[in-house]
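Me: Walk me through this model, feature by feature. Give me the general idea first, then the case at hand.

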Amino acid sequence: MKPVRTVLSLALLAAAGPLTAAEWIGTREPIAGNAVYFVMTDRFVNGDKSNDQRDQGGKELHTFDRPIAGAPKGQSANIGYMGGDFKGLLDQADYIRGMGFGAVWLTPIVDNPNEAFTGSSPVQWKGFMQDGGKTGFHGYWGVNFYRLDEHWPSKGLDFKGLTQGLKNKGLLTVLDIVGNHGSPSFSAPSDRDQFGKLYDKDGRLVANTQNLEPAKLDPKGNPLHAFYHNTPDLVQLSNLDETNPAVVDYLVGAYLQWIDQGAAAFRVDTIRHMPSSFWKTFADRIRAEHPGFFMFGEAFDYDAANIAPYTWDANGNYSLLDFPLKKAMDETFAGKGAGFEHLLPALYLQDGPYANPYDLMTFYDNHDMPRMNATDTGFINANNWLFTARGTPVIYYGSEMGFERGKAEHEGNRNYYGTANIAKARQSPIYSNLRRIALVRKATPALQRGLQLNVTFKGDTAGFYRVLEAKGYPRQVALVALNKGKQSGNVRIPGSRVEGGRYRSLISGKTITLRAGRTASLPVAANGVDVWLKDGRVNNPVLRAELLRSTRNKGHQGTTPATTANNQ
């Protein structure tokens with residue numbers, strides 16, 4: 001079983017016991033020490049043109065380079081493959097690691113159809129929920145979950161080779177997985193090659209919708225339909241039946257295979273589209289083979305009460321992408337006028353619905369939504385917050401330069417990046433500021449794992465502590481000061497909440513001495529951040545009492561099943 005992830009381990013602590021018996025730590029999850037860089041493999045870098053499959057699919061249904069019609073002059077988006085592969089990713093490992101990241105999340109690697117889809121509505125510029133003419137460049141249309149898609153490997157570089165290569169560069173591999181669907185399965189003019197089909201590890205056909213609408217499937221009478229529900233879910237995608245033990249065995253077996261080849265964690269796609277009973281079974285079986293294996297789900301919902309049940313032990317103890325905080329960040333940093341105080345309700349540091357808010361994966365945009373539409377300073381301020389506040393930061397490829405900012409899926413969100421943009425990114429102020437704060441987090445366990453004590457959040461400034469005092473970790477007190485204003489400012493810490501001692505700035509290298517009981521005023525540059533670090537324990541009794549109150553809430557461990565987004 002996976003170790004229970006709690007807000008804090010309270011070794012030997014009783015309510016009336018001495019405060020010195022406590023451990024102050026938010027999370028012990030290994031992933032917390034590694035900010036995550038998210039790439040769509042096909043759209044990152046083409047390192048090997050020999051695997052582009054440029055003739056695949058024939059003339060009409062070719063899979064390579066399919067521009068979306070109707071794009072305004074100077075803009076573009078594409079629904080075909082663009083050539084990104086494992087070699088291109090591995091070639092840029094130093095670039096990713098050099099920015100301060102310790103893990104790479106890549107889109108699904110399993111085999112996808114070998115031609116463009118002929119069903120659905122044709123994809124239009126800015127279109128939504130349209131798949132006509134699209135290919136499986138994104139990896140989410142699996143037809144064989146045991147087989148590596150031919151677009152990714154190169155000679156001598158398969159998935160195992162990629163994960164080992166990334167590990168050698170100091171990067172963990174986070175693999176995107178899908179449980180609720182395979183490829184588009186109906187609405188095409190005729191039954192097409194691979195669509196709506198599933199093959200096992202030996203290449204044998206085990207399921208086939210035969211291009212039939214879900215209501216026309218006969219799961220009880222036709223063995224090839226038994227893998228599917230006879231109700232629709234997401235657009236025309238096949239709807240896998242998680243109540244069929246053979247489906248569970250198929251998915252568990254496939255994903256154990258990829259763990260054995262080096263996947264260090266899973267991002268779980270569309271977790272809300274399958275009941276929590278399935279995810280509990282899945283987690284138990286994965287962790288029976290790999291104890292403590294970390295998984296975080298995508299539950300696209302901005303209401304924490306709706307998504308938090310997935311984090312509970314009863315439902316599999318998954319982490320989540322933090323959609324509620326993403327929404328608050330967008331309103332705070334993307335020119336919508338909200339002050340830092342707007343972030344506070346989304347943190348849920350105490351008495352919240354999550355099993356442990358410190359285990360959440362924090363982000364401000366990704367491939368399934370418009371990229372954050374912020375100025376350069378908006379991105380800088382968002383990153384300063386993301387890399388100092390609770391949670392593990394996730395950055396979508398290109399956001400280090402504001403790539404295609406504001407663009408949705410079918411208007412450029414998923415465009416090809418390439419080495420030219422990597423060179424351009426190095427000149428961006430977003431990149432340089434991101435790299436600075438990401439490297440500070442990477443070197444500071446308190447920012448990765450420490451409990452967060454909020455002091456002042458008002459308008460353009462914020463100040464808070466991150467406190468780490470636990471077995472196996474250095475004792476650290478990090479005092480974070482943020483300013484998203486256009487002018488330099490000061491973050492004021494009331495005397496009663498000042499932890500006295502000598503601090504060193506992890507930004508400038510300067511040192512200061514703060515006196516307990518005396519108000520501190522910390523200067524911060526415009527659109528800036530400072531992190532003041534004190535080595536040692538917290539001595540201020542007011543702060544220690546706050547830490548104690550925080551630790552008494554170990555997170556929510558309810559038994560209510562998580563809500564699914566379909567009618568199964």
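Reply: We begin with pockets. On a 1 Å grid over the protein atoms alone, a pocket is an open set of points where a 1.4 Å probe fits, with protein on both sides within 12 Å along at least five of seven lines. Its volume is the space filled by probe spheres set on the points, which are joined across faces, edges and corners. Here the largest pocket holds about 810 Å³. Its lining has 30 residues, and Met129, Leu234, Asp368, Glu409 and Arg414 are the closest to the centre. Lining residues have an atom within 4 Å of a point. This is a predicted model: local features need pLDDT of at least 70, side-chain atom pairs count only at pLDDT 80 or more, and totals for chains, interfaces and linings use all residues. Numbering runs from 1 along each chain as its sequence is written, and side-chain values use heavy atoms, without hydrogens or water.

Me: How does the lining of the largest pocket divide by class?

Reply: Into 13 nonpolar, 8 polar and 9 charged residues. Ala, Val, Leu, Ile, Met, Phe, Trp, Tyr, Cys and Pro count as nonpolar; Asp, Glu, Lys and Arg as charged; the others, Gly among them, as polar.

Me: Which residues lie nearest the centre of the second largest pocket?

Reply: Phe333, Gly335, Thr377, Asn381 and Lys484, out of 18 lining residues. The elements giving two or more residues are α8 (323-333) and α9 (376-386). α9 gives the most, with 3. The volume is about 290 Å³. By class, the lining has 4 nonpolar, 10 polar and 4 charged residues.

Me: What span should helix α5 have?

Reply: Helices are DSSP runs (H or I, at least four residues), and strands are too (E, at least two), numbered from the N terminus. The expected span is 1.5 Å times one less than the number of residues. α5 has 16 residues (245-260), so it should span 22 Å; its end C-alpha atoms are 22 Å apart, which agrees. Asn244 caps the N-terminal end, with a side-chain oxygen 2.9 Å from the backbone nitrogen of Ala246. Just after α5, Gly262 has a positive phi of about 120 degrees.

Me: Where do positive phi values occur in residues other than glycine?

Reply: Most residues other than glycine have a negative phi. Ser187 has a positive phi near 90 degrees, in the loop between β6 (181-184) and β7 (197-199). Gln210 has one of about 55 degrees, in the loop between β8 (205-208) and β9 (237-239).

Methods
Polar contact = N/O pair within 3.5 Å; in protein donor to acceptor, adjacent residues only side chain to side chain.
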